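Biologist: Please show me the model. I have some questions about it.
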Amino acid sequence: MKKKLSAALAACMMLTMLLPLAGCGGQDERPVLRVYNWEDYISEPTQNADGSVEDDYVDLIAEFEEEYGVRVEYSTFGTNENMYNELQINPGAYDLVCPSDYMIMKMIAEDMVQPFSDEFLQNSNYAKYASPYIKDLFEENGWTEYAVAYMWGTMGYVYDPERVSGEELSSWAGLWKEENARVATIKDSVRDSYFLGVAYVYREELMRLKGEYESGELSPADYNAAVTEVMNRTDEETIDRTKEAMIQLKQHLYGFEVDSGKQDMVTGKISINFAWSGDAVYTMDEAEPYIDEETGREVEGIYLNYVVPEECSNIWFDGWVMPKGANRELAEKFIDFLSRPENAVANMNYIGYTSAIAGDAVFEEMLDWYAEGEEGDTDEAGEPLVAYDLNYFFGGTGDGAYQDGEYVIYVSEESSHRQISAQFPTEEVLARSAIMQYFDNDTNAAVNEMWEEIKGLPIPGWAYIVIAAIAAGIVVIALTYVYKGKKREAKPKKGYRRVG
């Protein structure tokens with residue numbers, strides 16, 4: 001009996017050990033890549049309210065998983081600061097993250113990221129197809145080893161030319177003009193709106209530098225370095241002057257926004273929006289008249305424009321970095337996959353922003369989007385089409401369909417100020433575009449304190465009128481009740497007082 005009991009107990013123990021393994025066949029044992037990206041920042045199918053999925057956009061994550069036999073754990077964040085704080089709290093939680101330019105600098109300076117392999121930097125799709133302009137910029141700033149570009153662009157004004165003068169908005173100061181009161185929004189973002197304020201404060205110095213560049217006194221490199229120095233000033237005088245300028249601007253703004261400005265422009269609620277170029281493209285696309293496929297009728301819309309003011313602009317980047325401890329092999333495969341020109345096109349179609357990837361497939365998509373003819377053709381008004389030269393971006397990335405020097409798109413003069421100018425700024429615009437630098441902790445604290453004062457004070461003049469009217473109404477109602485109360489309530493006896 002003891003032997004049988006021992007055998008039974010042993011069998012039970014073996015069964016207990018084997019039970020957890022029985023379900024292993026159903027577990028996903030694929031290698032895992034953990035990606036942390038901005039919200040709505042990669043091509044994916046549309047999810048309907050009823051839970052169904054449409055195949056209107058390429059599912060890049062699903063295609064990557066299938067091709068490489070891996071599983072992607074994909075998470076999103078809303079701000080650079082939220083992303084940074086998450087990495088501080090959970091180090092090693094992600095293999096690949098996508099911060100913006102100044103946050104990339106911060107993470108490199110704090111030794112938070114690991115380098116890419118030499119093989120990737122020399123022989124990947126990114127090495128072959130990334131724009132030479134983008135790669136040169138990363139090399140100049142010392143980011144090449146630790147970061148690769150994903151999306152990029154400028155900042156400027158989206159505006160309705162039927163309601164606002166484009167000439168006024170050729171300067172950042174146009175937003176401060178009284179005639180543009182309460183028709184404009186700016187970003188509820190300290191870094192972007194600080195940039196706007198500095199551009200306004202130093203507009204005369206910036207125009208002097210532009211004149212020296214155009215006269216040949218400054219080389220392109222020296223001009224860009226001088227603009228970058230001005231736009232990254234954070235001394236006490238600059239912060240104080242910027243605060244005063246932004247408080248003055250706040251008096252007649254429609255408001256601050258991060259995402260709602262796009263729809264407000266489309267619906268005509270506002271006429272000017274301080275915007276990232278990718279949002280500008282989306283806004284102009286959404287606002288345009290279009291043909292309803294079901295009815296065949298034209299739906300009314302607005303033709304909006306985009307302008308980069310003549311003093312300067314911010315050239316921004318979002319790029320991939322690998323936090324310390326990341327799975328470098330999988331992270332590099334994912335970036336290599338996204339760097340195929342056809343996948344860059346899928347991303348641009350979905351996001352609306354401009355990919356750092358060039359190549360013939362991307363250029364052909366731009367031809368499909370924007371070309372209105374060839375050299376020598378005219379527009380609908382009979383005016384010659386103008387050449388929009390994109391060789392600085394696409395040169396050296398072709399597969400043979402185009403040769404260097406042939407990356408030119410012919411558009412009407414009017415169109416040259418619309419989507420294509422937001423998608424791909426001209427070399428003249430890039431010469432005066434500065435990259436926002438990383439601020440140290442003390443500088444960040446000073447700029448954030450300034451921003452809190454701007455957001456909190458002062459109350460706009462129209463708000464005082466509303467508040468005064470409400471206060472007056474409250475006083476009238478209160479006096480009425482007090483008066484009625486005195487008529488209704490008996491006075492307390494002498495030597496007593498009413499309680500409550």
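This is a predicted model: local features need pLDDT of at least 70, side-chain atom pairs count only at pLDDT 80 or more; totals for chains, interfaces and linings use all residues.

Biologist: Which residues of helix H3 (residues 80-89) are buried?

Modeller: Buried means under 20% relative accessible area, exposed over 50%, partly exposed in between (1.4 Å probe, protein chains only). Helices (H or I, at least four residues) and strands (E, at least two) are DSSP runs, numbered from the N terminus. In H3 the buried residues are Asn-80, Met-83, Tyr-84 and Leu-87.

Biologist: Why do the buried residues of H3 line one face of the helix?

Modeller: Look down the axis of H3 and take the directions from the axis to the C-beta atoms. The buried residues line one face because they fall within an arc of 100°.

Biologist: How far apart are the closest N and O atoms of Asp-188 and Lys-455?

Modeller: A salt bridge needs a side-chain nitrogen of Lys or Arg within 4 Å of a carboxyl oxygen of Asp or Glu. Asp-188 and Lys-455 form one, with those atoms 2.8 Å apart.

Biologist: Are Lys-262 and Asp-279 buried or exposed?

Modeller: Their side chains meet in a salt bridge at 3.7 Å, N to O. The pair links helix H12 (residues 260-267) and helix H13 (residues 277-287). Both Lys-262 and Asp-279 are buried.

Notes: Residues are numbered from 1 along each chain as its sequence is written. Side-chain values use heavy atoms; hydrogens and water are left out.
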